[in-house]
2 protein chains.
Amino acid sequence: MAGVFDALAADRSRIERASAAQRVAEVLREHITEGRLAPGTRLSEEALGEALAVSRNTLREAFRLLADQRLVVHELNRGVFVKVLNPQDVADIYTLRLALETAGVRALHSAATERLAAVRTALARAEAAEALGDWVAVGTADLHYHQAVAGLAGSPRIDEAMAHLVAELRLAFAAVPSAHALHEPFLRRNQTLAGLLESGEIDDAEVELTRYLDDARAVIVRAMTETRP
Amino acid sequence: MAGVFDALAADRSRIERASAAQRVAEVLREHITEGRLAPGTRLSEEALGEALAVSRNTLREAFRLLADQRLVVHELNRGVFVKVLNPQDVADIYTLRLALETAGVRALHSAATERLAAVRTALARAEAAEALGDWVAVGTADLHYHQAVAGLAGSPRIDEAMAHLVAELRLAFAAVPSAHALHEPFLRRNQTLAGLLESGEIDDAEVELTRYLDDARAVIVRAMTETRP
DNA sequence: ATTGCCGGATTGTTCCACAATCCCCTAGCC
DNA sequence: GGCTAGGGGATTGTGGAACAATCCGGCAAT
């Protein structure tokens, strides 16, 4: 019966326009994750509505979307604020991150080949950025890399949860002064992990991943407590 | 310095009133997860706003909250609809569920004793409901039980992700005609899993959990394809 | 039978009004 | 002096109306 136009259905998202609330949320998301809106900043409905030329209602819907992604917190009768991460948050993020990425590693053998290719691509991007000395780009590629690792599970819900975590992680990265010091030690370990994945050594990959995330969490937590004791 | 009143902070949620949007979302959530609002039902802004005596603005904010929990889908210019789960969704839910509950099992040794007690309590509730022949209550207790298993990880983010999954799972359960046939085979296996957890056999618990979820997914998917082919 | 088009109905968005709440500041008190 | 109480201004919470944008079903024309 059907099935002839299934290939077109994949491009459905390119047809549907986004609502104003979604577009506003997207703009704010960028500003927050890139550190242009400092954590703790209060997002005034009136001021933001004027700046973005949208009504308060639309803005409030956008806030709900951002709160879903944990990038802002909504305090009743007080307004919405750019999320301020504390060390507990970072620890918790890494707990969930371990669960999601482990799910990806474990699905390695049943993962489609293009998913593993995505891991390779992200790693190559990180190396290229390192060669240029662009450590912020290394951070971006690093997050893409780990998103791809979780993506090995082939699960839309895991992908989305991981995407939210990644956005939140950027908040944590922004709290660390030196992107170089933050990412340099882990770049090599990304390569190690990728090697284990390529050769299908699931158990070893899982062990390495666990240690990797433990160490990364410790580095960020330490940096956070140092800069803001 | 601080810390004296930390115990009070846990009850903070009892003080803060909820916004109208949150209360509306809560009411709708109950109706959806209990099957009183059939999947696919269109939620008209005008009709619902009148029924609940809230403005369209407030209702739209509530819809955003429900969409966050995946209980409704929002189609631009068409409205919001109660989520219709397909077998792919169910399979994906179980993929994420496995990741979250596995994280709980793995954290068993470092879990606080009261978390394990929560697992015991939920299991006892399920057995009590079985004794009464109330299979819907068994289903509720079963979900609480698995929420508690994931809760062993002690991670707020895992707890929240699991809570969302549980709400979505209720949609799947509602699609299965016989609650008895659905839950009866798994009640005993919940006891098996609890026994392994009590005795600290993490690896065996993980294997049992994996098989459990595989089987449960298969049962639901089969029931879904039978009732709606 | 397919396409083109129209009109009703619903959502998307804005604007405005007012109540509810919070926050800061000042005055008063011990 | 420090603490408490209370007032006033600013901001959010919520409702309501209006109009634009969009979708959907049906009718007409080919």
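The model is predicted. Chain A and chain B bury about 2700 Å² between them, and 14 salt bridges are counted between the two chains.

**Extent of the interface**
- On the side of chain A, 32 residues are in contact with 33 residues of chain B.
- Of the area that chain A buries against chain B, 30% is supplied by Glu61(A), Arg64(A) and Arg157(A), more than by any other three residues.
- Carbon and sulfur atoms account for 47% of the roughly stated total, about 2700 Å², that chain A and chain B bury between them.

**Polar and charged pairing**
- One salt bridge joins Arg157(A) to Asp89(B), with the closest N and O atoms 3.5 Å apart.
- Across the interface of chain A and chain B, 17 residue pairs are in polar contact, both residues being at pLDDT 80 or more.

**Elements and composition on the side of chain A**
- Helix H5 (56–68), helix H6 (87–106) and H9 of chain A are the elements that give two or more residues to the side touching chain B.
- H6(A) gives the most to this side, with 9 residues.
- The residues of chain A that touch chain B comprise 13 nonpolar, 5 polar and 14 charged.

**Asp159(A)**
- Asp159(A) belongs to helix H9 (residues 156–174) of chain A.
- Asp159(A) counts as partly exposed because its relative accessibility is 25%.
- Apart from neighbours within four places in sequence, Asp159(A) is in contact with Gln147(A), Ala150(A) and Gly151(A).
- Val149(A) lies 10 residues from Asp159(A) along the chain, and their C-alpha atoms are separated by 9.8 Å.

Notes
Residues numbered from 1 in each chain as written. Chains lettered and ligands numbered in written order. Predicted model: local features only at pLDDT ≥ 70, side-chain atom pairs only at ≥ 80, totals over all residues. Heavy atoms only, no water. Helix = DSSP H or I, 4+ residues; strand = E, 2+ residues; numbered from the N terminus. Buried < 20%, exposed > 50% of the residue type's maximum accessible area, 1.4 Å probe, protein only. Contact = heavy atoms within 4.5 Å. Buried area = accessible area lost by both parts, 1.4 Å probe. Salt bridge = Lys/Arg side-chain N within 4 Å of Asp/Glu carboxyl O. Polar contact = N/O pair within 3.5 Å; in protein donor to acceptor, adjacent residues only side chain to side chain. Nonpolar A, V, L, I, M, F, W, Y, C, P; charged D, E, K, R; others polar.
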